[in-house]
Amino acid sequence: AAPPLLPAEPGEESSLEEQRAAPDAGSPISSFFNGSGTKRLPQAIIIGVKKGGTRALLEFLRVHPDVRAVGAEPHFFDRNYERGLAWYRDLMPRTLEGQITMEKTPSYFVTKEAPARISSMSRGTKLIVVVRDPVTRAISDYTQTLSKKPDIPTFESLTFKNRTTGLIDTSWSAIQIGIYAKHLENWLLHFPIGQILFVSGERLISDPAGELGRVQDFLGLKRIITDKHFYFNKTKGFPCLKKAEGSSKPHCLGKTKGRTHPDMDQEVVQRLRDFYRPFNMKFYQMTGQDFGWD
């Protein structure tokens, strides 16, 4: 006989509280036949930062059998919040008991309203921030924009409000995003620091298995992703997966990843290093981690 079908998901009009209280009907086997599981709001979110290594982290994590993630960036807590939690939940993949639902939207980290909004969805949400040397992050950000709009001004001219005085234009988002300590203060008004994991974008490249070990521990997952899963692609300068999720082929990140950065005026780079140093020091203090950016 055909396995009994699970009842349909609770209607969107019933409150999330009621849905959470409703027991999952049927055995894991019957839910497997019924499109495997239930859509749940994410228990963990990669909230930042842009050009830090968030796509790499998400792709590496998806190798884990207990991680189910949305591929595209939902941008719910910054751009689509008025669509409501039911809309957001509907974007999520189905999960079985014990699996973790995840998404990544790197702009959340710098969005003023995001901490309060995520906290009101669930105060227990685990947050992951992939951070990278703010200077190389800014150059990478600029490089990405340049690839889409080749006629933008030079990096140097965008960096300074006034080249003569060397005053840095902190309103330019490429600079603004890297002031991590300032953004973090906003999150700490709503979440304890222990609920936020800071992943080093540099170590994600130099020692992916080591960083993934920390992430799996933080998420309460078995350490399944190990160095056996990675090989280093010399052309790209990136670690790649020997097998991607649901495939037997090796998988490197797409063509837009690992772009060559244009040559920068070294004096400008030095000015930026000096500008970021005090913020970096404060960030190391706040997180209890030295990222070795200077």
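Predicted model: local features only at pLDDT ≥ 70, side-chain atom pairs only at ≥ 80, totals over all residues.
The unreviewed UniProt entry lists, under "binding site", the residues Lys51, Gly52, Gly53, Thr54, Arg55, Arg132, Ser140, Lys257, Gly258, Arg259, Thr260 and His261.

Gly52 sits in the loop that runs between strand S2 (44-48) and H3, while Thr260 is placed in the loop between strand S11 (238-241) and helix H12 (266-287). Gly52 counts as buried because its relative accessibility is 7%, which is under the 20% limit for that class. Thr260, by contrast, has a relative accessibility of 71% and therefore counts as exposed, since exposed residues are those over 50%.

| Residue | Relative accessibility | Class |
|---|---|---|
| Gly52 | 7% | buried |
| Thr260 | 71% | exposed |

How do the axes of helix H3 and helix H11 cross, and within what distance do they come? The axes of H3 (residues 54-61) and H11 (residues 208-218) come within 11 Å and cross at roughly 75°, which means that H3 is roughly perpendicular to H11. On the H3 side the meeting involves Leu57, Phe60 and Leu61, and on the H11 side Pro208, Leu212 and Val215. Sorted by class, this contact has six nonpolar residues, with no polar and no charged ones.

Definitions and conventions
Residues numbered from 1 in each chain as written. Heavy atoms only, no water. Axes fitted to C-alpha atoms, helices over the stretch in contact; angles between N-to-C directions. Helix = DSSP H or I, 4+ residues; strand = E, 2+ residues; numbered from the N terminus. Parallel < 35°, antiparallel > 145°, perpendicular 65-115°, else oblique. Contact = heavy atoms within 4.5 Å. Nonpolar A, V, L, I, M, F, W, Y, C, P; charged D, E, K, R; others polar. UniProt positions renumbered as here; feature names shortened; annotations may be inferred. Buried < 20%, exposed > 50% of the residue type's maximum accessible area, 1.4 Å probe, protein only.
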